[in-house]
Amino acid sequence: MTKHLEKSAEIAIRQCMAVKKGETVLVVTDEPTRNVGRVLWEKAVEAGAEALYVEMLPRKNDGVEPPPAIAAAMLHADVILGATSCSFSHTKARKDASQKGARIATLPGITEDIMQRTLSADYEHIAELSQRFAKLLSDGEAVHISTLAGTDLTLSISGREGHADTGINHAAGDFSNLPAGEAYVAPVEETAEGIIIIDGAMAGIGVLESPIKLTVEKGYVTKVEGGKETEKLEAMLNEYGKLACNIAELGIGTNDQAILSGRVLEDEKVMGTVHIALGNNFGFGGTCQVPMHLDGILLSPTLTIDGQVVIKDGKHLITV
């Protein structure tokens, strides 16, 4: 274990989660990410917490519920850190624990390299920028996304709350990824129309060799086109049917230390990108419940909210 990894874990425990002596801290991990889970648990012990470490079998994909025993334990923890290979961010178990008051950070697909690099970012600045974009999403109604690669998508976010993934989880019920750095919203179901060109990375696939083209009608992906990587995406979508094709999320990356690594945890945080997710959005204001949530990263986007251009060809026009 390197000193850099230990330092990043200490930042997570003390600065991001503000763990206090005597608090119950539950670290949930699985085999691919156990090294990160272990160091988080050790730093929670050093902080004086009643620290619990539990390792589950890896889930099949993002959005699959953890085992009932772990879901039950989550309801009795003050702080939860999910260093797992697949994400349980958008699950009923996480949402229930948040509503019970747990402070939660999920680190799906985390690697030692990602943790050491991205947890060195300026999280106060990330929080301010993420909150600024989240307010624009909360106040907004009509969204247009375009890219030079060919994306041309419209959708409604009217009445939906924008969320800031700040990495600062100090109050009861706070939730974020670690590393953090995005603002996101659940679009109104059945309002998205147009074309999405995913040319950065795709959850479940990684950094793309060639772009994936998605045709969207009445809020659902109706056609998937592209190279050989489309077969894997189609297989994942077909397993869960129409709900997996729901346009579930619009997200904006705000972490200037993040790079495209093929790990969606980091990919979706890259500054100057936006991402569109498919599938589940029940945990953050939507109505679609399906055990899948797949993020696709769009490079150099132009994002317009109610006629105001807030990102132009990947450059933020909103600053702090």
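Domain bounds here come from an automatic or database domain assignment. In this predicted model, the chain is divided into domain 1 (3-119) and domain 2 (123-316).

**Two domains**
- The centres of domain 1 and domain 2 are separated by 23 Å, taken over C-alpha atoms.
- Domain 1 puts 31 residues into the contact, and domain 2 puts in 32 residues.

**The largest pocket**
- The largest pocket holds about 340 Å³ of space.
- It is lined by 21 residues, and D62, S85, C86, A203 and G204 are the closest to its centre.
- Both domains take part: domain 1 (3-119) and domain 2 (123-316) each give at least three residues to the lining of the largest pocket.
- Two helices, α7 (229-240) and α8 (264-267), each supply at least two residues of this lining.
- By type, the lining of the largest pocket has ten nonpolar, seven polar and four charged residues.

**The second largest pocket**
- The volume of the second largest pocket is about 190 Å³.
- Its lining is made of R94, K95, S98, Q99, H163, A164, G173, D174, F175, Y184, G283 and F284.
- The top contributor to the lining of the second largest pocket is α4, with four residues.
- Four nonpolar, five polar and three charged residues make up this lining.
- Here too, at least three lining residues come from each of domain 1 (3-119) and domain 2 (123-316).

**Backbone exceptions**
- Most residues other than glycine have a negative phi, and most peptide bonds are trans.
- A18 is not a glycine, yet its phi is positive, at about 50°.
- A18 sits in the loop between α1 (3-16) and β1 (24-29).
- K218 also has a positive phi, near 50°, and is a residue other than glycine.
- K218 belongs to the loop between β13 (212-217) and β14 (220-226).
- Are A18 and K218 buried or exposed? A18 has a relative accessible area of 17%, so A18 is buried, because buried means under 20%. K218 has a relative accessible area of 60%, so K218 is exposed, because exposed means over 50%.
- The peptide bond that joins L178 and P179 is cis, with omega about -5°.
- P179 is found in the loop between β8 (175-177) and β9 (182-185).

**A buried asparagine**
- N169 lies in the loop between β7 (163-165) and β8.
- The relative accessibility of N169 is 1%, so N169 counts as buried.
- Which side chain makes a polar contact with the side chain of N169? The partner is the side chain of S176, at 3.0 Å.
- Leaving out residues up to four places away in sequence, N169 touches C16, M17, R103, I104, A105, D174, F175 and S176.
- Among these neighbours of N169, D174 and F175 also line the second largest pocket.

Key: Residues are numbered from 1 along each chain as its sequence is written. This is a predicted model: local features need pLDDT of at least 70, side-chain atom pairs count only at pLDDT 80 or more; totals for chains, interfaces and linings use all residues. Side-chain values use heavy atoms; hydrogens and water are left out. Buried means under 20% relative accessible area, exposed over 50%, partly exposed in between (1.4 Å probe, protein chains only). A polar contact is a pair of N or O atoms within 3.5 Å; within protein, one must be able to donate a hydrogen and the other to accept it, and residues adjacent in sequence count only if both atoms are side-chain atoms. Contact means heavy atoms within 4.5 Å. On a 1 Å grid over the protein atoms alone, a cavity is a set of points where a 1.4 Å probe fits but cannot get out, and a pocket is an open set with protein on both sides within 12 Å along at least five of seven lines; lining residues have an atom within 4 Å of a point. Grid points are joined across faces, edges and corners, and a volume is the space filled by probe spheres set on the points. Ala, Val, Leu, Ile, Met, Phe, Trp, Tyr, Cys and Pro count as nonpolar, Asp, Glu, Lys and Arg as charged, and the others, Gly among them, as polar.
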